Amino acid sequence: MGNRGTLLVLLLVFCHGVAITMGFWMTEGKEREERSARADKMFMMQKSKRVAKTDAGEMRVLESYGGRILERALNIGFITMEPRSLFIPQYLDSSLIIFLRTGEAKLGFIYKDELAERHLKTGDVYQIPAGSAFYLVNIEESQRLHIICSIDPSESLGIDIFQSFYIGGGANPASVLSGFEPEILEAAFNVSGADLRRLLSKQHEGPIVHVGDSHATSIWTKFLQLKEEEKLQHLRNMVQELEEESDEEEQQTSFSWRKLLESVFGDENKNTRDYSRKSPHSCNLYDRKPDFMNNYGWSVAIDGYDYSPLKSSGVGIYHVNLTAGSMMSPHVNPRATEYGIVLKGSGRIQIVFPNGSNAMDTHVKEGDVFFIPRYFAFCQIASRNEPLEFFGFTTSAQRNKPYFLVGATSLMRTMMGPELAAAFGVSEDTIDRVAKAQHEAVILPTPWAAHEHQNREKVDTLPKLIRNKMIMGF
């Protein structure tokens, strides 16, 4: 009996040990899978924050990874506005570079103490400096406005991605004026406390509001419905005392705000003055000819030499379209970190650590946002069955001039010689044969893309225009 009891105890101990070991292995395996999944998304921007949402639109921001791996961080914002809507007057503690993905807009902002107005269309790029008061209107009657923007990290408080300081506002959002003591504002505006309470409490629809007849309850729409002399008199009352009691610098600011408000609320038929003569022009990304183009895709880049406002922001812009199955040759950005947004299609992105190990190999689709740290080698590959189109920002307004590691114009070709052969431990003949095997440059075919291209060339019965469109993936 004693022996059997001892055996039973030993058996229980053994089973318990096996269970613990199996549990450890399962936990370890699960942790490895989780680590692997995180590694696959290491350079994807997934930390999203909604900074504004109303019936008229929304703005969300993807926060940059930051940390030592990046020499400069950028946040990426997405703004969606319904037809006939207004992003109310405000200024930010961060610089913006906006890109109109779809739609048309009216942008008004302060430039050298004057109101600058621009009519922007699909493909336009524009810079809004930090601290410059601005507003944005979707002028379309039936089309949504979609904007992608780069956002510098907060330059002041640093407690959030960025800070919006709303000029107009009330209960939601609060105007920057709301924080002052009532007696201070009464003296500044030279109006009664009752008038101020009405002014600073009516707005409750959020920072993006409708300005059409179908939403006549909007405080902004009501303002638009006032007679011209009533609008202007109201605006004069708002700024008169500020202009009289401010010093010279404050006078310039209040004068600018008056012009800004007159543009938003004034009679649009009277708004015939050309506010855009002195302000920077916009730059349209879709109007530019490709910097590089072959049968497998094209690319466009805009820097400070092409569009001067980018010099002050230190940001560049690029746009790439890869046909189905094509790839950007493995390359390196020696001057900038690259942020990319997938506009259409799907594909893969591979990024390599400095030690030659894989840093990220992940599938991307429309709407995904990624970043490539400066100096890291990487490539983008379009899916076999559909093209890959992406747009983005770089952290340098200088000519980027990436180093392509493979291809007809690659670093391998440029450095070819006995030293490179010795570095690989092969003969010069071998390095010469391998480095010269690829006849394409920058955008390369994969085996299935090259085969598809050859098949297309055989279709001689198709009109040339249609054939070219097919090759380009349009």
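Two strands count as paired here if DSSP finds at least two bridges between them. Strands themselves are DSSP runs (E, at least two residues), as are helices (H or I, at least four), and both are numbered from the N terminus. With that in hand, six bridges join strand S2 (residues 57-62) to S3, and the two run antiparallel.

This is a predicted model, where local features need pLDDT of at least 70, side-chain atom pairs count only at pLDDT 80 or more, and totals for chains, interfaces and linings use all residues. Residues are numbered from 1 along each chain as its sequence is written, and side-chain values use heavy atoms, with hydrogens and water left out.

**The seven-stranded sheet**

- S2 and S3 belong to an open sheet of seven strands with antiparallel pairing, in the order S1-S2-S3-S10-S5-S8-S13.
- At the edges sit strand S1 (48-54) and strand S13 (283-284), each of which pairs on one side only.
- Strands of a sheet pair through backbone hydrogen bonds, either parallel or antiparallel.
- Strand S3 (residues 75-81) pairs with S10 over seven antiparallel bridges, and Asn75 has Ile151 as its bridge partner in S10.
- S10 also pairs with S5, again in the antiparallel sense, over six bridges.
- Four bridges join strand S5 (residues 96-102) to strand S8 (residues 124-128), and these run antiparallel too.
- Ile97 has a bridge partner on each of two strands: Ser150 in S10 and Gln127 in S8.

- Strand S10 (residues 145-151) is mostly covered, with six of its seven residues buried.

**Around Phe78**

- Phe78 is the bridge partner of Arg60 in S3, and Phe78 also stands opposite Ile148 in S10.
- The charged end of Arg60 sits over the Phe78 ring, 4.7 Å from its centre; the test is NZ of Lys or CZ of Arg within 6 Å of the ring centre and within 35 degrees of the ring normal.

**Aromatic pairs**

- A search of the whole structure turns up 11 aromatic pairs, meaning rings of Phe, Tyr and Trp (its six-membered ring) with centres within 6.5 Å; planes under 30 degrees apart are stacked, over 60 edge-to-face, and the rest tilted.
- Phe43 and Phe376 have ring centres 5.9 Å apart and planes at 70°, so this pair is edge-to-face.
- That pair links distant parts of the chain, 333 residues apart: Phe43 is in the loop between helix H1 (2-40) and S1, and Phe376 is in the loop between strand S21 (369-372) and strand S22 (377-382).
- Both Phe43 and Phe376 are buried.
- Tyr318 and Phe390 also form an edge-to-face pair, 6.2 Å centre to centre with 70° between the planes.
- Tyr318 lies in strand S16 (residues 316-322) and Phe390 in strand S23 (residues 388-394), so the pair ties together parts 72 residues apart in sequence.
- Both Tyr318 and Phe390 are buried.
- Ring pairs also link Phe43, Tyr339, Phe353, Phe371 and Phe376 into a cluster.

**Cavities**

- The structure holds two cavities of 30 Å³ or more. On a 1 Å grid over the protein atoms alone, a cavity is a set of points where a 1.4 Å probe fits but cannot get out, and lining residues have an atom within 4 Å of a point. Points are joined across faces, edges and corners, and a volume is the space filled by probe spheres set on them.
- The largest cavity has a volume of about 80 Å³ and is lined by 13 residues, with Ile79, Phe87, Leu96, Phe134 and Leu136 nearest its centre.
- Strand S4 (85-92), S5 and strand S9 (134-138) each give two or more residues to the lining of the largest cavity.
- By class, that lining has 12 nonpolar, one polar and no charged residues; Ala, Val, Leu, Ile, Met, Phe, Trp, Tyr, Cys and Pro count as nonpolar, Asp, Glu, Lys and Arg as charged, and the others, Gly among them, as polar.
- The second largest cavity holds about 30 Å³ of space, and its lining is Ser95, Leu96, Ile97, Ser150, Asp152, Ser313 and Val315.

Notes: Buried < 20%, exposed > 50% of the residue type's maximum accessible area, 1.4 Å probe, protein only. 1 Å grid on protein atoms, 1.4 Å probe; cavity = no way out; pocket = protein on both sides within 12 Å on 5 of 7 lines; lining within 4 Å.
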